[in-house]
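Subject: Handing over the two-chain model

Hi there,

Here is the structure I promised to pass on to you. Have a look at it first, and then read my notes below.

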Amino acid sequence: MTAPWYRVVGNEDAIFARAARLTMPVLLKGPTGCGKTRFVRHMAATLERPLITVACQEDLSAADLTGRYLLKGGDTVWQDGPVTRAVREGAILYLDEVVEARSDVLTLLHPLTDERRMLTVERRSEEIIAASGFQVVISYNPGYQAAARALKESTRQRFAAISFDYPGPDIEAEIVAHEAGCSSSVADQLVALGRATRTLRNHGLREGASTRLLVYAGRMVVDGSDLTEACMATLVHSLTDDPELVRALSDLISTKIG
Amino acid sequence: MTEPDVNGGTQQPGRDGIDDEEYEKRLLAPFLYGAPDLLSVEEGSLHHAVRAQHLKAWLMMVTGREWHIGSAAPATNDGVVVYVPPTLPGPDEPRVADHAYRVMALLQAEIFSMGFFSQREWLRELHQDWVLQVCSHLLMAHAVVARWPVSAPGMMGPLATVTADLHLSELWVGRKQVPSVGLPAPFCALLAGLTPIKGAKVDWVTEAVEAVQSADSTAIRLVLPGVAQRLRESFRSARLGAPPVPFWVGALHPGWFLEDAAGDAKRANEWRSGPKPLQKLLRRIRAKEVHGEVEPGSRFQAPPLVPPGTEAARYNEWDHVSGRYRIGFARIIEADAPTGPAAALEQIIASHRMELAAIRAEFAALKIEQRWLHGQAEGSELDMDRVIQAAVGLRAHQSPDPNHFLRLQHEHRPLAVLTLVDLSGSTQGSVLAQQQRAVVLFAEALRTLGVVHAFYGFSSEGAQACHFLRIRDWADDETEVAKRMGSLMAGGGSRLGAHIRHATAKLMTRSEEDRLLLILSDGRPEDRDGYRGQYGIADSALAVREAGRSGIHIHCVSMDSSEGAYLRTIFGPRGYTVVPSAEHLARRLPMVFRSLSRR
């Protein structure tokens, strides 16, 4: 399996590889759509480990993670949850947007993220020692309103952290051009627009346009869309509902593109 | 003594033997150095206010930095605010207006970002020599718009609209429109491209314009003195007075930058040289001896009264008379509230056992915990007992009970409450004691509810010293809190608007879904330097609206039973509760919380 494309910006790949070698859990933080998930997929493939991803949300329960009994015919059958599977297979377990999950649920990760490397499945009265290669990776977005939903200190202090942000204009344009398959001049224009919207972070917008949205715009252009139309479709209404800001964003696009 | 006019030009009236330069200055002073016309956004110009909001967002994105939008005619900027005219000359056409506002705002912002305004000698030259000022302004405009085809191609359409519009290109000297006839040829050449005026080609002007358009912005400095000198000569010989500027190009105000910097330096110096009365005053304020006016004889507006180890933040203040924000006018100084013995608090608790018990009972009923509901038809988890029963039932060939799920009941949404306690001078004596009891009861209620909460006290001594006293921050140690809570002291005024804005900023850092700002008050927002009556009410009311827009709920509990019309104006008809005494809080508080949870 070839690794998904990822443009290394700093030393994040070296740090991740080192943490993997040391079986150290890793925390990735950064704004939405800046490449955290892509990075994990890339690293899993590079390190030749299976990757199991869990998108965290508020209703995620311990059973969703460890597993549960299901009814099958007249019998009850145990089904492993993603954490249990990852522990047995020695996979990278990736919990995306981890702060969305309730913090009491996350405490079940604690014995897995220290030297015990052990998962307790209460319903089965089973204790599983993680296979070698098992590694926990979590991600979250600290940008949203400064103090944001915080991770419990007892959880976050178990992780080596890698901080992400939108890359500089040249690299971001390279990424957009690669991902969307568009020309570098289109990518440059999209990145300039994206960076302009990030000026309004905390001035009306929670966040500016993500690299992901810029890639969407680029793909629309490659598919034959007019640049203005593609930007209007991807960079305006997805960022805000406020009519004044919608108008300002539309004006920005017409100003910069002409 | 009248000097004969040697040049033979037309004699201007009122020229009593002063030299040309002085005459020029007098002629122009009223035009050039006036303050901008300010506009009331409140009355009849909502149209403009809405436009300003979207213009601001657009301008920030295009320029990549923060700007405020203000109103003044003609357009100008002071490095923080871009001022645009409230109305435009000519017929009101939305498309033209939209184009004109964008062109004017971006031009002003980019002229500032060329960086000349930080060069003081240059500013001084511009300030003293308005021919130089107008010439450099026009050359800067040329330089800015020449970059637009690349940096903002979408501006070319609006620019064409504006430069071709006869009304927007009207020539103005300061705040007065002047006819465009009789201008010297070189000046017409300088205006070409910015206005519909066409003049004979003047080579040295064309060269100068091309130089600033093609080279980097510092080229303007090299080109300017020569151009200005030659233009000055042509203006002098034609006895024309001030060179005009097209309306949309706006005005430069080097004096604003000079004055401001000079003022800052002066204040800093005064503070450094350390006049003893000021130091003494500072010590007394720290010791909480002084609460009212600054001593008579102290001429200082009090900016540097920030005791070490405290934090200061600035907020805008709404001036309802001029109809605009005073940018960064009020300064919040955050510090720990003074501590006293913890026993003071215990005493209050001991003497209010009944009220506290009532509050606990009321609030315990309000508090709903997360819990698993068993035997549900739908849910996120299987209810194992029910499942096994069902499995057994199946084997016994009975139809199983389908209700075998567990469901987590979500009820109260996470809530963060910041309580602001009015510690202004009016809160003395028995009122302060009431306030104190109210705080203690509040705190107990919040603790019972298990709600994330913080307590801050507020008082102020003018816009520059709005005190924000930490009684309890979100996660403060309770023993420290007890020492502070039992020893509240009052004094000074209440600049409510600034305090609401600071409290809003604090609440905005919380991630809880519901964020509530409770204000425990006993009277009108009143402070020194004019913060009273309608001014204080209007600013506070606007601060409440701003908070509302940020998703913060505000409720005021007032012990001012005298006359409540101002409370209604500030907090809205349902945004406040009047209680006769602290003890009544026990009955009213749960209602406040219930009404909040119904939203």
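**Chain B as a whole**

Of the 599 residues of chain B, 41% count as buried (a residue is buried if 20 or more other C-beta atoms lie within 10 Å of its own, exposed if 12 or fewer, and partly exposed in between, with C-beta atoms placed from the backbone). Before going further, please note that this is a predicted model, in which local features need pLDDT of at least 70 and side-chain atom pairs count only at pLDDT 80 or more, while totals for chains, interfaces and linings use all residues. Residues are numbered from 1 along each chain as its sequence is written, and chains are lettered from A and ligands numbered from 1 in the order in which they are written.

Chain B has 20 helices and 17 strands (DSSP runs numbered from the N terminus: H or I of at least four residues for helices, E of at least two for strands). Among the contacts in chain B with a separation of 6 or more, 71% are between residues 24 or more positions apart; two residues are in contact if their C-beta atoms, placed from the backbone, lie within 7 Å.

**A helix to look at: α17(B)**

Helix α17 of chain B covers residues 496-508. Because 11 of the 13 residues are buried, α17(B) is largely enclosed by the rest of the structure. Among the buried ones are B:H499, B:R501, B:H502 and B:K506.

**Where the chains meet**

The contact takes 30 residues from chain A and 29 residues from chain B. On the chain A side, β3 (67-72), α8 (184-197) and α11 (243-257) each supply at least two residues. The largest share, 10 residues, comes from α11(A). That side of chain A divides into 12 nonpolar, 11 polar and 7 charged residues (Ala, Val, Leu, Ile, Met, Phe, Trp, Tyr, Cys and Pro count as nonpolar, Asp, Glu, Lys and Arg as charged, and the others, Gly among them, as polar).

Most residues other than glycine have a negative phi. A:T23 has a positive phi of about 45°, and A:E97 has a positive one near 50°. A:T23 lies in the loop between α1 (12-21) and β1 (26-29), and counts as partly exposed with 15 C-beta neighbours inside 10 Å. A:E97 is found in the loop between β5 (92-96) and α5 (103-106); with 18 other C-beta atoms within 10 Å, A:E97 is partly exposed too.

Happy browsing!

Definitions and conventions:
Expected span 1.5 Å × (residues − 1).
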